[in-house]
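Subject: Structure for you

Hello,

Here is the structure I promised to send over. Please open it first; my notes follow below.

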Amino acid sequence: MDKERLRQEVQYRATRSSGPGGQHVNKTSTRVELYWDLDHSEAVSETEKNRLRQSLANKLNREGQLLLSASPTRSQHKNKQAVYTKFLRLLEKALIVPKKRKKPKGPSRAAQAERLKKKRIRSEIKAARRKVEF
């Protein structure tokens, strides 16, 4: 993944934000939306693209674009930084290759024998508590 090329491929759009800010919200565009086209990206290899398609399937639109937005602050510049950081973290997390699951080993024969021995002893203890019938 080439971060410098990613920065060039990303497009931003500022829109009006909801939330705190009073009258300020109604007249300034501080919410920042980030667009990135996965299918036409040259910053990631084909294998990385396939992995991203699988892990980000519910975040991509029909055209293969990723859309993220951020509006935690009243500053457009800070929101732009926030959405780009969010974007990088999302990609890094999606590119992590999960470890293969190892089949657990069952208990050893000695452990099974020990368990059965303890069960037998416990059974004898309980049997000894019963009423003796002649």
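Charge first. The chain carries 35 positive and 14 negative side chains, with Lys and Arg counted as positive, Asp and Glu as negative, and His and the chain ends not counted. The centres of the two sets are 13 Å apart. Each charge is placed at NZ of Lys, CZ of Arg, CG of Asp or CD of Glu.

Some ground rules. This is a predicted model, where local features need pLDDT of at least 70 and side-chain atom pairs count only at pLDDT 80 or more, while totals for chains, interfaces and linings use all residues. Residues are numbered from 1 along each chain as its sequence is written, and side-chain values use heavy atoms, leaving out hydrogens and water.

Overall layout. The chain has five helices and three strands, in the order α-β-α-β-α-β-α-α. The radius of gyration is 30 Å, well over the 14 Å that the globule rule gives for 134 residues, so the chain is more spread out than a compact globule. (That radius is taken over C-alpha atoms; the rule is 2.2 Å times the number of residues to the power 0.38.) Along the principal axes, the C-alpha atoms fill a box of roughly 95 × 45 × 25 Å. Helices (H or I, at least four residues) and strands (E, at least two) are DSSP runs, numbered from the N terminus.

Burial. Of the 134 residues, 25% count as buried. Buried means under 20% relative accessible area, exposed over 50%, and partly exposed in between, with a 1.4 Å probe and protein chains only.

Helix 4. This helix covers residues 76–94 and spans 27 Å from first C-alpha to last, close to the 27 Å expected at 1.5 Å a residue. The expected span is 1.5 Å times one less than the number of residues. Its buried residues include Asn-79, Val-83, Phe-87 and Leu-91. The buried residues of helix 4 pack against helix 1 (3–9), strand 1 (11–15), strand 2, helix 3 (46–55) and strand 3 (65–70).

Two residues to look up. Thr-30 sits in the loop between helix 2 (23–27) and strand 2 (31–37). Thr-30 is buried, at 9% relative accessible area. Leaving aside residues up to four places away in sequence, Thr-30 touches several others, among them Thr-15, His-24, Arg-74 and Asn-79; contact means heavy atoms within 4.5 Å. Asn-50 lies in helix 3 and is partly exposed, at 41% relative accessibility. Asn-50 and Leu-38 are 9.8 Å apart, C-alpha to C-alpha.

Best wishes
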